[in-house]
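Student: I have just opened this structure. Can you walk me through it?

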Amino acid sequence: MKMDLKNIFIALINAGLLYYLIGWLSVNIDIAQFSKQFRALPNSAFAITVCLNLITLFAYSYRMSSILKSTFLNSLTVVSIGYGGNAIMPVRLGDVLKIYLGKKLLKIPIPNLALSSFLEKIYDLTALSLLMVIVILVQGEKYIDKSIFFAVIITIFLLLLLVFIVFININRIEILMNQF
C-alpha cells in the first residue's frame, strides 16, 4: 500500500509540473510565431542538427560503455537520461540524475557512474584544450591580445598537464571511487 501512495504522490507532482509548464508556455511562447519561425528553418539545417546530435549521443554512449564495460544499450539509456536532464534542469543536474537513475534502473554501481562522468568531463576538457591549442596556433594572434597570449598558452598547458596526471593515476582514482 505504501508504494501505491508513493506512486500516486509522484504522479500528482508530475501532473502539477506539467500543468505549470503548459501554463508557462501558453503565456510566454506565441505558438503561431514559433511555428512560423520553425517553418523558416531550412530542412537541411534541421536534419544536420539532428544527425550531429545523434552522432554525439552514440559516441558518448560508446565511450561510456567502454569505460563502464557495460552494454551499449545500457550506456545509451544512461547518456540519454543525462542529455535530457541537462536540457531541462539547471547546473548540469542531468549528470546527477544520470547517476541516480543508472543505479536505480540499470543497477550500475554509483562509483562506476560517478567515475565515468568524471572521465567524460576530463575527455571533454582534453578535446576542448586541444582544439583551443590548434585555434590559437593557427589564428591566435588575431583574437588574443599579445600581452596575454603567453598566459593563455601556459593555462592550456597546465590544463593538459592536469588531464595527463589524472590519466596516469586513473587506477588510484577508481580504487578511491570504489571505496565510497
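Student: Which helix of the protein chain has the lowest mean pLDDT?
Tutor: This is a predicted model, where local features need pLDDT of at least 70, side-chain atom pairs count only at pLDDT 80 or more, and totals for chains, interfaces and linings use all residues. Residues are numbered from 1 along each chain as its sequence is written, and side-chain values use heavy atoms, with hydrogens and water left out. pLDDT is the predictor's confidence in each residue, from 0 to 100; helices (H or I, at least four residues) are DSSP runs, numbered from the N terminus. Among the elements, the highest mean, 90, belongs to helix α2 (residues 31-40), and the lowest, 70, to helix α8 (residues 170-178).

Student: What is the mean pLDDT of the protein chain?
Tutor: In the chain, 95% of residues reach 70 or more. The mean is 83.

Student: How many salt bridges does a search of the whole structure find?
Tutor: Side chains of opposite charge can pair when their charged atoms come close. A salt bridge here is a side-chain nitrogen of Lys or Arg within 4 Å of a carboxyl oxygen of Asp or Glu. The search of the whole structure gives four.

Student: Is Asp95 buried or exposed?
Tutor: Buried means under 20% relative accessible area, exposed over 50%, and partly exposed in between (1.4 Å probe, protein chains only). Asp95 forms a salt bridge with Arg92, with the closest N and O atoms 3.5 Å apart. Arg92 is partly exposed at 47%. Asp95 has 11% relative accessibility, so it counts as buried.

Student: Which residue in helix α6 pairs with Asp95?
Tutor: Asp95 also meets a lysine side chain in a salt bridge, 3.3 Å from N to O. The pair links distant parts of the chain, 26 residues apart: Asp95 sits in helix α5, and its partner in helix α6 (residues 110-143) is Lys121.

Student: What is the relative accessibility of Lys98?
Tutor: Lys98 and Glu120 meet in a salt bridge, 3.4 Å from N to O. This pair joins helix α5 to helix α6, 22 residues apart. Glu120 is buried at 5%. Lys98 counts as buried too, because its relative accessibility is 4%.

Student: Which residues are linked in a network of salt bridges?
Tutor: Asp95 bridges to Arg92 and to Lys121. Glu120 bridges to Lys98. The network holds Arg92, Asp95, Lys98, Glu120 and Lys121.

Student: Where is Lys104 placed?
Tutor: Lys104 is partly exposed, because its relative accessible area is 44%. Its place is in residues 93-106, helix α5.

Definitions and conventions:
Helices (H or I, at least four residues) and strands (E, at least two) are DSSP runs, numbered from the N terminus.
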